[in-house]
Amino acid sequence: MDSAAIDRFEASRGRLASLAYRLLGSAADAEDAVQDTFLRWQAADRERVEVPEAWLTKVVTNLCLDQLRSAQARHERAAGAWLPEPLLEGDPMLGPADTFEQRESVSLAVLTLLERLSPVERAVYVLREAFSYSHAEIAGILDITESASQQHAHRARIRVAAERRGGEADPVSARRVVEEFLAAATSGRTERLVALLTDDVTAVSDGAGLGKRLLRYRTRERVASYVRAGFKPTPAKRRLAGGSPAIHIALVNGSPAVLAVVDDRVVGAVAFQVSDGKVASLRGIAAPDRLARLNEAWRQYDPDAPVIDAW
């Protein structure tokens, strides 16, 4: 392959990775899809490709759809053991992020909601909302009619909007809520903890990465009980973490998250969704494979001082 063809692909790599991440919810799988796209670009008769960017978008989108439709993916996601892979602020896969729709499409909350859509609905939603493709362009990418693209987009928007928790939270205010929440959780002030939760709050945890299924909690009292137990330090938890973690607050997928860090390694993350000054949902992630890319970024990150030096 000549250098011009490689340069053409590399110019699109970031956009393709961002698209694949939104479609798959996994940075590792997104990188695999982009690499497979490169191999197909390498083997293609490129002189017959009129618009390389459109060709590459079509290939990576359909590779992602194939994966979403695969028996293994359906089993893993239906089995209740799937969570989106969290990404630290500044990760290029989180772009584009100029509009509210683009930022929302990469939030852990919306990535989770997209699991409830069909693969084609998910692709149409992402291409339209996050990348501003026209329905005519989407029809060409997915080999469907323009009318079908419009219908898929309409259904997807309705389903996402039906479960959306408020609008975009101000980052400073959201962080303040999480700081107050963390103080209540670590001090055992149950009443204050419950007061910081919305009436319909939900919590999901991968059980420190030890279980095959996710743990789910509903109602303010159950979520508060889960949080109180989860944030209580014990010798067993410190052994599992490999030491006594420092606790940081950072942005993950555009929302505040509490990160437990041991020897410059993130061993656990709790991502928050804040709505109207209260916590609407929490996602606890500790499985090492889900934190791999976040850890790569953390080693290059300049974090704020920890809110707790040694937990």
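A: Helices and strands are DSSP runs, of at least four residues for helices and at least two for strands, and they are numbered from the N terminus. The model is a predicted one.

Q: Which loop holds Asn253, and is Asn253 buried or exposed?
A: Asn253 sits in the loop between strand E3 (246-252) and E4. Asn253 is not a glycine either, and has a positive phi of about 50 degrees. Its relative accessibility is 3%, so Asn253 counts as buried. Tyr21 is among the residues to look at here, as Asn253 is one of its contacts.

Q: Is the peptide bond from Gly95 to Pro96 cis or trans?
A: The bond from Gly95 to Pro96 is cis, and its omega is near -5 degrees. Pro96 belongs to the loop between helix H4 (71-78) and helix H5 (100-105).

Q: How is a nonpolar core read, and which residues of the largest nonpolar core touch the most other members?
A: In soluble globular proteins, nonpolar side chains tend to be buried together. Here the largest nonpolar core has 45 residues, of which Tyr21, Leu114 and Leu142 touch the most other members. At least two residues of this core come from each of helix H1 (3-24), helix H2 (27-43), helix H3 (52-69), H6, H7, helix H8 (135-142) and helix H9 (146-163). H1 supplies the most, nine residues. Another core lies apart from this one; its 33 residues include Ala184, Ile247, Ile249 and Val262.

Q: With which residues is Tyr21 in contact, leaving aside neighbours within four places in sequence?
A: With that exclusion, the contacts of Tyr21 are Ser26, Ala27, Ala30, Glu85, Leu87, Met93, Leu94, Val106, Leu111 and Asn253.

Q: Glu121 is charged by type; is Glu121 buried or exposed?
A: Glu121 has 8% relative accessibility and therefore counts as buried. Glu121 is part of helix H7 (residues 119-130). Beyond neighbours within four places in sequence, Glu121 is in contact with His152, Arg155, Ala156 and Arg159.

Q: Which residues of H12 are buried, and where on the helix do they fall?
A: The buried residues in H12 are Val223, Ala224, Tyr226 and Val227. Viewed down the axis of H12, these buried residues fall within an arc of 160 degrees, so they line one face of the helix. Their cover includes helix H10 (171-187), helix H11 (190-195), strand E1 (197-205), E2 and E6.

Q: How is a pocket found, and how much space lies in the largest pocket?
A: Rolling a probe the size of a water molecule over the atoms shows where empty space is left. In this model the largest pocket holds about 1,200 Å³ of space. Its lining has 50 residues, and the closest to the pocket centre are Ser107, Leu108, Ala109, Val110 and Gln273. Helix H6 (residues 108-114) gives the most to that lining, five residues. By class, the lining of the largest pocket has 24 nonpolar, twelve polar and 14 charged residues.

Q: What lines the second largest pocket?
A: The second largest pocket has about 840 Å³ of space. It is lined by 34 residues, with Ala208, Gly230, Val267, Gly268 and Ala286 the closest to its centre. Elements that give two or more residues to this lining include strand E2 (215-218), helix H12 (220-230) and helix H13 (235-241). E5 gives the most, six residues. The lining of the second largest pocket divides into 25 nonpolar, six polar and three charged residues.

Note on methods: Residues numbered from 1 in each chain as written. Predicted model: local features only at pLDDT ≥ 70, side-chain atom pairs only at ≥ 80, totals over all residues. Heavy atoms only, no water. Buried < 20%, exposed > 50% of the residue type's maximum accessible area, 1.4 Å probe, protein only. Contact = heavy atoms within 4.5 Å. 1 Å grid on protein atoms, 1.4 Å probe; cavity = no way out; pocket = protein on both sides within 12 Å on 5 of 7 lines; lining within 4 Å. Points joined across faces, edges and corners; volume = space filled by probe spheres on them. Nonpolar A, V, L, I, M, F, W, Y, C, P; charged D, E, K, R; others polar. Arc of directions from axis to C-beta. Core = buried A, V, L, I, M, F, W, Y, C linked by side-chain atoms within 4.5 Å.
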